[in-house]
Amino acid sequence: MAETILMNDNDVLLSIRDLSVTFHTDEGLVRAVNGVSYDVCAGKTLAVVGESGCGKSVTALSVLRLIPDPPGKIAGGEILFRGTDLVTADEKYMQSIRGNEIAMIFQEPMTSLNPVYTVGDQIVEAIEQHQDKKGPAAWSHAVEMLKQVGIADPEQRVMEYPHQMSGGMRQRVIIAMSLSCDPSLIIADEPTTALDVTIQAQILELLRDLQKKNNMSVVLITHDLGVVAENADDVVVMYASRIVETGDVAGIFDDPLHPYTQGLLRSLPRVGSVQERLEVIGGTVPDPLAFPDGCKFHPRCPIGSDEPRCMTVEPELREVKPGRCSACWYTPGYETKEEFELYETKYGKHKEISG
Amino acid sequence: MSKTIKQHTDWGVSYGEMVSREFFKNRLNVVSLVFIIFLFAIAVFAPFIANDKPLVIRIDGELTFPLLRNLNAVDYSVFLAAIVGLFQIWLIRRNKKRVNPTRRGEVLSRQIMINAFVLVAGIVFIFVSLDKRLDATNYKRMVESKKATGAVFPLVPFGFERTDLAVREQGPSAEHWLGTDDVGADVLCRLIHGSRISLSVGFVAVGISSVIGVFIGAILGYFGGKVDFIGMRFVEIMMAIPTFFLIITIVAFFPRSLLNIMIIIGVTKWTGDARFIRAEFFRLRGQDFVQAARALGLPLRSLLFRHMLPNGIAPVLVNATFGIAGAIFIEAALSFLGFGVAPPTPSWGQMLSLGVGTTGRFLWWLSLFPGLAIFLTVTAYNLVGEGLRDAIDPRLRKAA
């Protein structure tokens with residue numbers, strides 16, 4: 001069933017509106033996030049997909065206002081969480097949201113725990129910060145959380161230091177810590193990238209189970225399309241600081257609209273098909289200090305690399321069919337009639353697109 | 001059954017334990033540490049080691065304890081502090097084995113609070129209740145004139161305030177092992193009592209400078225940006241001033257007291273610590289676990305001092321041991337120049353300056369022995385600092 005992302009606002013938990021984030025570096029101004037909007041519905045999983053450096057993590061960090069400032073700054077837009085704008089909220093309010101309402105799971109389980117405290121100490125600190133439980137009550141809650149995330153012998157493990165645990169176990173601890181205050185939204189920033197494949201599957205299954213149990217929403221940031229297919233309800237595809245395509249997971253995988261998404265899916269290895277080489281998207285992600293003019297994907301695009309309009313005018317994200325948005329001039333149904341005519345008068349006939 | 005045993009022995013190896021294991025592997029570190037502990041013991045028990053009052057004496061058939069009667073408020077305070085300190089160390093070790101980790105923090109903070117209260121209340125009580133009794137009796141003469149019998153004197157039977165012009169500026173002899181100074185006081189006795197000054201100057205001055213340095217460095221390092229820019233210029237201004245001359249200048253304006261010297265060294269020596277902590281916090285600020293702690297909604301206080309500080313304190317600890325050596329050195333230099341503690345309070349640097357003698361003769365024992373004491377103490381602290389630095393260095397430790 002097709003879930004609309006930008007339209008359905010009756011059970012929207014988090015709504016990012018036209019968010020822009022800039023970084024002032026020595027080399028110049030970097031627009032890490034540029035006019036990004038998406039909604040996260042209650043109890044659903046939204047996957048944010050894109051290459052490294054496309055701005056997906058920065059968007060997520062902005063939600064909790066965790067981007068390092070300086071050099072980073074939220075330059076514009078709003079982040080509405082239950083109707084409150086987190087961009088303008090004061091630090092005290094943010095503190096009560098962080099970990100309590102919105103929790104975050106980081107990519108690197110090996111470095112996301114403080115090496116000088118036992119895992120119990122760290123979970124308990126979060127619990128004591130946000131809940132009324134203190135001392136022994138908080139500790140038994142921590143043990144309970146460890147049990148929930150499937151750590152064997154939690155009474156013993158809670159007293160251990162992070163370096164005594166494996167990567168998968170630490171990620172479980174981190175999940176336990178983020179869930180300890182019963183948040184309504186979890187932002188998981190590549191939660192399984194640093195883990196090996198069997199552990200990846202376990203961790204994702206654990207997240208799914210807990211999400212169902214606690215009726216949480218999840219923003220799953222990843223570059224692994226396999227993870228997206230298995231876990232997400234809705235998908236946002238980002239490229240070079242912008243959203244290029246949104247849709248429900250079935251739609252994105254069956255009928256990708258944007259050439260970038262199409263390229264991503266083509267470059268997946270397929271079980272059962274014999275291929276000499278995997279397909280790739282040629283070229284590299286553009287330098288954020290010098291984004292190309294026009295559509296940022298055009299230098300790598302099979303259609304737009306020699307298209308005069310793609311090279312000069314950047315397409316905005318538009319809804320092209322119910323629940324599906326794309327930011328490409330060549331997505332069927334994207335152009336308005338006027339634009340179509342303007343193009344024909346300016347550049348001549350449109351290119352034929354196969355498939 | 002085996003599980004219950006395991007639970008009480010394998011509660012994880014903390015960072016401190018790993019460092020101490022590494023530290024004790026090197027024999028030179030151990031020797032230095034033992035020497036420092038030995039110095040502390042001497043400083044604490046100075047009145048029992050070197051005193052002109054006998055421990056026990058029988059006067060007119062009556063047994064009295066002049067040494068104990070003559071201990072002053074400072075002595076009692078030092079004993080109390082030593083006892084409370086050792087008790088706290090014992091408690092911490094005991095907590096590790098006996099107290100369940102779920103309650104360890106709570107228990108520890110309660111213990112520290114109680115002990116600190118006992119210490120402060122005890123010292124106040126000592127100073128209020130102890131009136132200064134000056135016992136000018138010359139017990140040695142009483143023994144010689146057979147007025148008293150059965151006297152047991154301490155190892156060094158001289159008082160650091162007792163002068164005897166008859167034996168001034170004499171070299172080492174059977175009676176005065178390390179000779180006497182310009183007013184005939186025993187050098188060994190003054191050395192022993194002088195260790196109190198040197199050690200306390202080192203600790204208090206470095207304590208003050210570390211607290212100031214850590215606090216300023218933490219703020220600069222965590223916030224960065226404009227705060228850091230302005231703060232660092234201030235630190236640089238402080239660093240540009242030659243500390244020793246600043247200290248001499250300040251000392252000239254304030255009364256010559258030990259406390260003033262401690263404070264002045266403390267408030268001028270914090271720049272190194274501030275820079276260390278700032279650099280560490282710059283590094284730590286970007287670390288995942290700090291981000292994770294922020295993402296959990298922990299307050300700034302907890303981020304800075306609970307999560308970042310323990311991970312960045314190592315250079316400050318190392319610097320502190322060097323700093324103690326440096327402070328001892330500065331105090332010795334100040335006393336040598338005559339800006340230090342006023343006589344008759346003994347200080348190593350002040351004794352060193354007496355080596356020139358009143359008649360211009362070079363009194364080698366007055367230069368050699370205090371000089372050796374300063375040299376050995378400073379070296380021991382520097383060796384401990386170096387050992388600590390190596391033990392903490394993660395490159396030398398196996399990846400856990």
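**Figure 1. H6(A) passes H7(A) in a right-handed crossing.** A crossing is right-handed if the near helix is turned clockwise from the far one by less than a right angle, and left-handed if anticlockwise. The model is predicted: local features need pLDDT of at least 70 and side-chain atom pairs count only at pLDDT 80 or more, while totals for chains, interfaces and linings use all residues. Residues are numbered from 1 along each chain as its sequence is written, and chains are lettered from A and ligands numbered from 1 in the order in which they are written. Helix H6 covers residues 167-179 of chain A and helix H7 covers residues 197-214. Helices (H or I, at least four residues) and strands (E, at least two) are DSSP runs, numbered from the N terminus. The axes of H6(A) and H7(A) come within 10 Å and cross at roughly 15°. Axes are lines fitted to C-alpha atoms, for helices over the stretch in contact, and angles run from 0 to 180 degrees between N-to-C directions. H6(A) and H7(A) are therefore roughly parallel to each other, a term for angles under 35 degrees.

**Figure 2. Residues of H6(A) and H7(A) where the two helices are in contact.** From H6(A) come A:Gly168, A:Gln171, A:Arg172, A:Ile175 and A:Leu179. From H7(A) come A:Ile199, A:Gln202, A:Ile203, A:Leu206, A:Leu207 and A:Leu210. Two residues are in contact if their C-beta atoms, placed from the backbone, lie within 7 Å. By class, this contact has seven nonpolar, three polar and one charged residues. Ala, Val, Leu, Ile, Met, Phe, Trp, Tyr, Cys and Pro count as nonpolar, Asp, Glu, Lys and Arg as charged, and the others, Gly among them, as polar.

**Figure 3. A:Pro191, in the loop between S7 and H7 of chain A.** A:Pro191 has 28 C-beta neighbours inside 10 Å and therefore counts as buried. A residue is buried if 20 or more other C-beta atoms lie within 10 Å of its own, exposed if 12 or fewer, and partly exposed in between, with C-beta atoms placed from the backbone. Leaving aside neighbours within four places in sequence, A:Pro191 is in contact with A:Ile105, A:Gln171, A:Ile203 and A:Leu207. A:Leu204 is 13 residues from A:Pro191 in sequence, and their C-alpha atoms are 8.3 Å apart.

**Figure 4. A:Asp182 and A:Ser241, two residues with positive phi that are not glycine.** A:Asp182 has a phi of about 55° and lies in the loop between H6 and strand S7 (185-189) of chain A. With 12 C-beta neighbours inside 10 Å, A:Asp182 counts as exposed. A:Ser241 has a phi near 75° and lies in the loop between strand S9 (234-239) and strand S10 (242-248) of chain A. A:Ser241 counts as buried because 26 C-beta neighbours lie inside 10 Å.

**Figure 5. A:Pro315, in the loop between helix H11 (308-312) and strand S11 (318-321) of chain A.** With 25 C-beta neighbours inside 10 Å, A:Pro315 counts as buried. Not counting residues up to four places away in sequence, A:Pro315 touches A:Cys295, A:Ala327, A:Cys328 and A:Trp329. A:Ala250 is 65 residues from A:Pro315 along the chain, and their C-alpha atoms are separated by 24 Å.

**Figure 6. Helix H12 of chain A, residues 337-347, is hardly covered.** Among the 11 residues of H12(A), the count of buried residues is zero. A:Gly348 follows H12(A) and has a positive phi, near 95°.

**Figure 7. Helices H9 and H18 of chain B pack at an angle of about 30°.** Helix H9 of chain B covers residues 187-223 and helix H18 of chain B covers residues 364-392, and their axes are 11 Å apart. H9(B) passes H18(B) in a right-handed crossing. B:Val187, B:Leu191 and B:Ser198 in H9(B) meet B:Trp365, B:Leu366, B:Phe369, B:Pro370, B:Ala373 and B:Thr377 in H18(B). By class, the contact has seven nonpolar, two polar and no charged residues. Chain B has 18 helices and three strands, and buried residues make up 35% of its 400 residues.

**Figure 8. The side of chain A that touches chain B.** Here 35 residues of chain A are in contact with 28 residues of chain B. Helix H2 (91-97), strand S6 (102-105), helix H3 (119-130) and helix H4 (135-148) of chain A each supply at least two residues of this side. The largest share, five residues, comes from H3(A). The residues of this side of chain A divide into 16 nonpolar, 15 polar and four charged.

Conventions
Angles under 35 degrees count as roughly parallel, over 145 as roughly antiparallel, 65 to 115 as roughly perpendicular and the rest as oblique.
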